[in-house]
Amino acid sequence: MKRKTGNKDWISEQLCVPMARTCNLYCRYCQSPPRGEPAAPLKKVLAEIKRRRIGAVSLEGGGEPTAGGDLFEWVAALKKAGVRHFMLSTNGVALSDPEFCRKAVKEITYFTVNLPGTDEKTYAHATRSVKFPLAMKGLENLKALGAGDRIRLFHIIYRGNYRRLPAFADWTAGTLPDLAFVNFTFVRNAGRVDDSAEIVPRYPEVEPYLKLALGRLKLAGIRAVVQNFPLCRLKNFEGFSFEFHRWRRGDRVLEAGIAGKARCAACSRCRLEPACCGARTDYLRVHGRSELSASSLDPAAIKPEPFQ
């Protein structure tokens, strides 16, 4: 499968702009529910962009950026401030409108589409909505407009969908073979999750399904990463770790805004610790630390799986 190449250093240097203030779904695992207003006012964001000469932003926040009715107003203002590249974090529902989608394709560089399931039942359980057909139509519209290779699927793993990870991989390979990549992210215990074991599964439960999904995507020629999942639970699949990739290129292992690693005896003895997401305090509150183990593997010996 051919891939477009080019200088994408801007992806690592982009500024997260929390402009969303409401949402059109009510996801069970939402870690940052809407507050009714953007976390940062536009005026403040523009000032920071001009001061730091930011050229790329990721439009996201507590909620859905397309649900507030002002997405393109933000884009226009950010462009005037010097922004050239836009990544949109979206559930894709608004993209079901052909005209809205057409305009978005002209303005947005990459679409990070949060898709919790590829079947109606799983999607409905995750989002507590009946908007699965609209999400599918949004993806279909992006493909029809020639933006299929600008889609990045973001799949949050929680108790309601982890057994369907291999099916998710198969669907993706068959439906979106040219997409940029897939990001599997283990659910964070924050926001609506509220320490619920009914939402947060155990690492060992997820591990075999996740590895099978990663393997199937690799065989299909589709790039993938997994985030917020300890390296000790990814034996033989460590090269798919998002945090490992950040460590390898010299970035901070944990993204800005992510809580630091929890203290853990196993992690303190682990050679993989510098390149790992580590023990997560939010996970330990639900399931404890017995599933974490020290490894003697040197992270420099891990072969990275390409994902950009």
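This is a predicted model: local features need pLDDT of at least 70, side-chain atom pairs count only at pLDDT 80 or more; totals for chains, interfaces and linings use all residues.
Trainee: About how many helical turns separate Glu 140 and Lys 137?

Mentor: Helices (H or I, at least four residues) and strands (E, at least two) are DSSP runs, numbered from the N terminus. Glu 140 and Lys 137 are three residues apart in helix 6, so their separation is about one helical turn.

Trainee: Is Lys 137 buried, partly exposed or exposed?

Mentor: Buried means under 20% relative accessible area, exposed means over 50%, and partly exposed lies in between (1.4 Å probe, protein chains only). Glu 140 has 46% relative accessibility and counts as partly exposed. Lys 137 has a relative accessible area of 33%, and therefore its class is partly exposed.

Trainee: How many residues apart are Arg 202 and Glu 291?

Mentor: Arg 202 forms a salt bridge with Glu 291, with the closest N and O atoms 2.6 Å apart. Arg 202 lies in the loop between strand 6 and helix 8, and Glu 291 in the segment after helix 11 (281-287). The pair thus links distant parts of the chain, with a separation in residues of 89.

Trainee: Which residue is linked with Glu 207 and Lys 211 in a network of salt bridges?

Mentor: A search of the whole structure finds 16 salt bridges. In one network of salt bridges, Glu 207 and Lys 211 are linked with Arg 233.

Trainee: Which side chain of opposite charge is nearest to Arg 246?

Mentor: Lys and Arg count as positive and Asp and Glu as negative, while His and the chain ends are not counted. Arg 246 is in helix 9 (residues 242-248) and is buried, yet has no salt bridge. The nearest side chain of opposite charge is 4.3 Å away and belongs to Asp 251.

Trainee: With which residue does the side chain of Asp 251 meet in a salt bridge?

Mentor: Asp 251 counts as partly exposed, at 27% relative accessibility. In its salt bridge the distance from N to O is 2.6 Å, and the partner is Arg 249.

Trainee: The side chain of which residue is joined to that of Arg 188 by a polar contact?

Mentor: Arg 188 is found in the loop between strand 6 (181-186) and helix 8 (203-219). Arg 188 is buried without a salt bridge, and the nearest side chain of opposite charge, Glu 243, is 5.1 Å away. A polar contact is a pair of N or O atoms within 3.5 Å; within protein, one must be able to donate a hydrogen and the other to accept it, and residues adjacent in sequence count only if both atoms are side-chain atoms. At 3.1 Å, such a contact joins the side chain of Arg 188 to that of Asn 228.

Trainee: What is the angle between the planes of Tyr 162 and Tyr 209?

Mentor: A search of the whole structure finds twelve aromatic pairs. Rings of Phe, Tyr and Trp (its six-membered ring) pair if their centres lie within 6.5 Å; planes under 30 degrees apart count as stacked, over 60 as edge-to-face and the rest as tilted. Tyr 162 and Tyr 209 are 5.5 Å apart, centre to centre, and form an edge-to-face pair, with an angle between the planes of 70°.

Trainee: How many residues apart in sequence are the parts that the pair of Tyr 162 and Tyr 209 ties together?

Mentor: Tyr 162 lies in the loop between strand 5 (151-157) and helix 7 (165-175), and Tyr 209 lies in helix 8. The pair therefore ties together parts whose separation in residues is 47.

Trainee: Over the face of which residue does Arg 192 lie?

Mentor: A charge sits over a ring if NZ of Lys or CZ of Arg is within 6 Å of the ring centre and within 35 degrees of the ring normal. Arg 152 lies over the face of Tyr 110, at 5.7 Å from the ring centre. Arg 192, at 3.8 Å from the ring centre, lies over the face of Tyr 26.

Methods:
Residues are numbered from 1 along each chain as its sequence is written. Side-chain values use heavy atoms; hydrogens and water are left out. A salt bridge is a side-chain nitrogen of Lys or Arg within 4 Å of a carboxyl oxygen of Asp or Glu.
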